[in-house]
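Open the model in your viewer and keep the sequence panel beside it. This tour goes from the whole chain to single residues, one selection at a time.

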Amino acid sequence: MKRIYLDYAATTPTDPEAAKAMLPYLTETFGNPSSEHSFGLEAREAIEEARSKVAAFIGAHNDEIVFTGGGTEADNLALKGIALNNKSRGNHIITTSIEHPAVIETSKYLEKLGFKVTYLPVDSQGLVDPDDLKKAITTKTILVSIMHANNEVGTIEPIADIGRITKEAGIYFHTDAVQTVGHIPVDVNMLGVDLLSISAHKLYGPKGIGALYVRKGTEITPLLHGGGQEKKRRSGTENTASIVGFARAIEITAQEMPAEVTRQTSLRNRLTAAIQEQIDSVKLNGHPLIRLPNNINISIDYIEGESVMLNLDLEGISVSTGSACSSADHGPSHVMLAMGLPREQAYSSLRITLGKWTTSEETDYALDVLKRIVSKLRAMSPLFAKGKNTG
Ligand code: PLP
């Protein structure tokens, strides 16, 4: 059976070049980067070279990059690191209601520790209004954390506008850029952020490695205490091979991204248009234009996204439900609900995300299979029969 992967927002395959670059650091250059002998120094050199590649890609200085065990850890380090370090200045944090659980759950944890958190609303297309942020700021506000682009609906937030507001107010600003670095241009100075999270496995690097950008002069309390690696910001022997693979993936991405943004946008637009023309009653979720180049999030009325996803999987096509059941009660996605979408629209959503290895043959084939599955599921759907009768 043909297998087609259309879930690049969940993770990407590691680029074979990045995987190749990692291998010597597992077997030959295996020294502990903190050791002062030649084995250690070689590993240290590789890490510092990797750091400069990651830094250059986002317009940062080398010592502003802290390697972490991925995006979740980077988000945790940013939020807890700033909150705990600035307790004496204030206890108020502002974030949004559409963040990834790595930010939402960390915020809830900080609430338990006594911090107050404001969750800003978004509009029906998933956009935060910078005026809402202005109104939410108090004298106690120490941190604003707003994601660069949403992982479910792909909406890109007005981070540079928000950065101007936080700078004027003298408040630390973190953005979770896990879905944007490697997919659209990201520059920490243009965005005006103090902290920014990256994850390697979203940009063709290995899993379990990422970075937190921390602007010079920004102090954070570490999550991990120990040997004081990463300038005391993240203790633990560095994952040399993964750091090298991450940097190699970034290097490749830097070359490929300009052409890929154009190619994936046009492939995405073509597939979105074809779905809307060839399948009745489909709604596009998220902003129609201000969205990630590779993201399609649709609600197919009268059927559940979960059923469509599972049926596509049986035919070898991997996509994700827009309303990924993230809680035990199998509720619809918190992002869709925050956008004010009806529960049915949230339940019927499907996320299709393209990547650098997605071809037009694959999207054409996926469209044909999707049409067939939708017809089959709608034929069985009492909601569809009712909807048709009532127009
Ligand atoms: N933030 C966003 C927006 C994400 O999409 C993800 C991954 O899905 C994460 C954070 C977590 O990153 P990681 O899987 O590297 O822990």
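A residue counts as buried when its relative accessible area is under 20%, as exposed when over 50%, and as partly exposed in between. Keep Y302 in mind as a case: at 28% relative accessibility, Y302 counts as partly exposed. One caution before you start: this is a predicted model.

**Stop 1: the whole protein**

Show everything as a cartoon. The protein has 14 helices and 13 strands. Along the principal axes, the C-alpha trace spans about 75 × 50 × 35 Å.

How does the radius of gyration fit a compact globule? For 391 residues, such a globule would have a value near 21 Å; the protein has 22 Å, which agrees.

Now colour by burial. Of the 391 residues, 56% count as buried. Switch to the surface view. The accessible surface comes to about 16900 Å², and carbon and sulfur atoms hold 54% of that.

Next, colour by charge. There are 40 positive and 46 negative charges, and their mean positions are 3 Å apart.

Contacts come next. Among those with a separation of 6 or more, 73% are between residues 24 or more positions apart.

**Stop 2: the aromatic rings**

Select the aromatic side chains. How many aromatic pairs does a search of the whole structure find? The search finds five.

Start with F30 and F39. Their ring centres are 5.2 Å apart and their planes meet at 40 degrees, so this pair is tilted. F30 is partly exposed, at 49% relative accessibility. F39 is also partly exposed, with a relative accessible area of 39%.

Move on to Y204 and W357. This aromatic pair is edge-to-face, with 5.4 Å centre to centre and 85 degrees between the planes. Where do the two residues sit? Y204 lies in the loop between strand 7 (195-199) and strand 8 (210-214). W357 lies in the loop between strand 13 (349-353) and helix 13 (360-379). The pair therefore ties together parts that are 153 residues apart in sequence.

Is Y204 buried or exposed? Y204 is buried, because its relative accessible area is 6%. W357 is partly exposed, at 37%.

Ring pairs link Y5, Y8, Y204 and W357 into a cluster.

**Stop 3: a buried loop residue**

Stay with the loop between strand 13 and helix 13, where L354 is also placed. L354 counts as buried, at 0% relative accessibility.

Show what surrounds this side chain. Leaving out residues up to four places away in sequence, L354 touches L6, Y8, Q264, L267, R268, N294 and T363.

For a longer reach, pick I243. The C-alpha atoms of L354 and I243 are separated by 25 Å, and the two residues are 111 residues apart along the chain.

**Stop 4: the loop between strand 8 and helix 9**

K231 lies in the loop between strand 8 and helix 9.

Check the backbone of K231. Its phi is near 50 degrees, a positive value in a residue other than glycine.

Now draw a line from K232 to V66. They are 166 residues apart in sequence, yet 9.7 Å apart in space, C-alpha to C-alpha.

**Stop 5: Y302**

Return to the residue from the start. Y302 lies in the loop between strand 10 (295-300) and helix 10 (305-314). Its phi is positive, about 80 degrees, although Y302 is not a glycine.

**Stop 6: S34**

Finish in the loop between helix 2 (24-27) and helix 3 (38-57), where S34 is found. S34 is partly exposed, with a relative accessible area of 43%.

Which residues does S34 touch, not counting those up to four places away in sequence? They are R44, Q229 and E238.

Last, pick Y109. S34 and Y109 are 75 residues apart in sequence and 33 Å apart in space, C-alpha to C-alpha.

Notes: Residues numbered from 1 in each chain as written. Predicted model: local features only at pLDDT ≥ 70, side-chain atom pairs only at ≥ 80, totals over all residues. Heavy atoms only, no water. Helix = DSSP H or I, 4+ residues; strand = E, 2+ residues; numbered from the N terminus. Rg over C-alpha atoms; globule rule 2.2 N^0.38 Å. Buried < 20%, exposed > 50% of the residue type's maximum accessible area, 1.4 Å probe, protein only. Contact = heavy atoms within 4.5 Å. Areas by Shrake-Rupley, 256 points an atom, 1.4 Å probe, with all protein chains shown as cover. Lys, Arg positive; Asp, Glu negative; His and termini not counted. Charge placed at Lys NZ, Arg CZ, Asp CG, Glu CD. Phe/Tyr/Trp six-rings, centres within 6.5 Å; stacked < 30°, edge-to-face > 60°.
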